[in-house]
Amino acid sequence: YPPLGILYLSAYLEKNSFPNEVFDSTFSSFDKWVNYLLDYKPDVIGIYTNLMTKLNVLKMVRFIKSHEVLKNCKIVLGGPEVKNHAENFLKAGVDVVVIGEGEETMHALVQLFNSNEGSLNEINGIAFLNEGGIIFTGERTKIRLIDELPFPNRKKINLRLYFDAWKNKHGESALSMSTQRGCPYTCKWCSRAVYGQSYRRRSAVCVVNEIEEVQSHYNFDNIWFVDDVFTISHKWLKEFSDEIALRNV
C-alpha cells in the first residue's frame, strides 16, 4: 500500500514552503536507502513506525546516528507504534517522537529546526529527552476541518509499481484514498493511536474532487478506501453517492 500518511505530510510541508523528498521503501532495500540518504543529506528525516517495522526503524536510526555525514540530521518518528514506547525509541537515538496527527506537528518541528529559534517545549504533540528524562508536551488539538488538508503528494512516489503489483496478484489495480479520520469506538487496534477517538469526515465534494484529480493523472481499476469506519454515516454515503452521480465520475 502507498504510504498515505507520509504523502500527507509531504503535501502539507510543500503547501507551507518546506521542500521535501519521499523515499518509498516498499519496492526498495536498506542499501538503496543508505545510498539515497548519503546523497540527499537531509536536515530532518521523518519515519513512519508500526509494530511490524519497528526493528527495521531502529536499524535505520542506528545507521543515521553512527554516520559522520548524517550526525546533524534530526530523526522524527510517527505512527501508531510510537506512543506506548516513546522512551525506548528516544533512548535508541530518536530526537523527537510525534504523538497523534503529524501534519501540523511536523511543520512546527521543521520551522524550529530551520530557524534554531524557540524550544521543543513549545510544540504540542511530541515527546523528547532532556537531562531530567522524557518530556511529553501537551496533546495537540486534532485537525477539525480536514477538507483543508492538501491531497496526498502522490507524485513523490511511483504508483505504477503498486498498480502493477496488484494487477499481477489480483487481476485489478487499486489506488488507496482516505475520506475520514478517527473512530468513535474503543478497541485498542488500528489507527486510533494516531487519529484518536473521534469522527472527522471530509466533505463528499472534497473526496470526489480528489477522485477526479487522480483519474486525470493515473490509470487504475479500483479505489480502496482505507478508512476505519467508511460506512458509519449513511447520510454521508448518500451525499457521496449523489455527488458521484451528479458529476458522472
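The model is a predicted one, in which local features need pLDDT of at least 70 and side-chain atom pairs count only at pLDDT 80 or more, while totals for chains, interfaces and linings use all residues. Residues are numbered from 1 along each chain as its sequence is written, and side-chain values use heavy atoms, with hydrogens and water left out.

A pair of aromatic rings is described by the distance of the centres and the angle of the planes. Here, rings of Phe, Tyr and Trp (its six-membered ring) pair if their centres lie within 6.5 Å; planes under 30 degrees apart count as stacked, over 60 as edge-to-face and the rest as tilted. The count by this rule is 15 aromatic pairs. One of them joins Phe30 and Trp33, whose ring centres are 5.4 Å apart and whose planes stand at 45 degrees, so this pair is tilted. Both residues belong to helix α2 (residues 30-40) and are three residues apart, about one turn of the helix. Helices (H or I, at least four residues) and strands (E, at least two) are DSSP runs, numbered from the N terminus. Phe30 is partly exposed, at 28% relative accessibility, whereas Trp33 is buried, at 5%. These words follow the relative accessible area: buried means under 20%, exposed over 50%, and partly exposed in between (1.4 Å probe, protein chains only).

Another pair is made by Phe230 and Phe240, with ring centres 6.4 Å apart and planes at 85 degrees, so it is edge-to-face. Phe230 lies in the loop between β9 (222-225) and α9 (234-247), and Phe240 lies in helix α9, so the pair ties together parts that are 10 residues apart in sequence. Phe240 is buried, with a relative accessible area of 8%. Phe230 and Phe240 also belong to one aromatic cluster with Phe225 and Trp236.

Two rings have a charge over them (NZ of Lys or CZ of Arg within 6 Å of the ring centre and within 35 degrees of the ring normal). The charged end of Lys59 sits over the ring of Phe30, 4.2 Å from its centre. Arg181 lies over the face of Tyr8, at 5.2 Å from the ring centre.

The next topic is the nonpolar interior. In soluble globular proteins, nonpolar side chains tend to be buried together. A nonpolar core is a set of buried Ala, Val, Leu, Ile, Met, Phe, Trp, Tyr and Cys residues joined through side-chain atoms within 4.5 Å. The largest such core has 21 residues, and Trp33, Ile45, Ile64, Ile75, Leu77, Val94 and Val97 have the most contacts inside it. At least two residues of this core come from each of α2, β1 (44-48), α3 (54-66), β2 (74-78) and α4 (86-91). The largest share, five residues, is supplied by α3. A second, separate core of 17 residues includes Val22, Leu175, Ala204 and Phe220.

Which residues does Trp33 contact, leaving aside its neighbours within four places in sequence? They are Phe23, Ile45, Met60, Phe63 and Ile64, where contact means heavy atoms within 4.5 Å.

Helices α2 and α3 pack at an angle of about 35 degrees, with their axes 12 Å apart. Axes are lines fitted to C-alpha atoms, for helices over the stretch in contact, and angles run from 0 to 180 degrees between N-to-C directions. The contact involves Phe30, Trp33, Val34, Leu37 and Leu38 of α2, together with Lys59, Met60, Phe63 and Ile64 of α3.

Val57 also lies in helix α3 and is buried, with a relative accessible area of 2%. Not counting residues up to four places away in sequence, Val57 touches Ile47, Tyr48, Thr49 and Leu77. Val57 and Phe89 are 32 residues apart in sequence and 9.5 Å apart in space, C-alpha to C-alpha.

Backbone angles come last. Most residues other than glycine have a negative phi. Lys41, however, has a positive phi of about 50 degrees although it is not a glycine. Lys41 is found in the loop between α2 and β1 and is partly exposed, with a relative accessible area of 46%. Asn248 likewise has a positive phi, near 55 degrees. Asn248 is placed in the segment after α9 and counts as exposed, at 72% relative accessibility.
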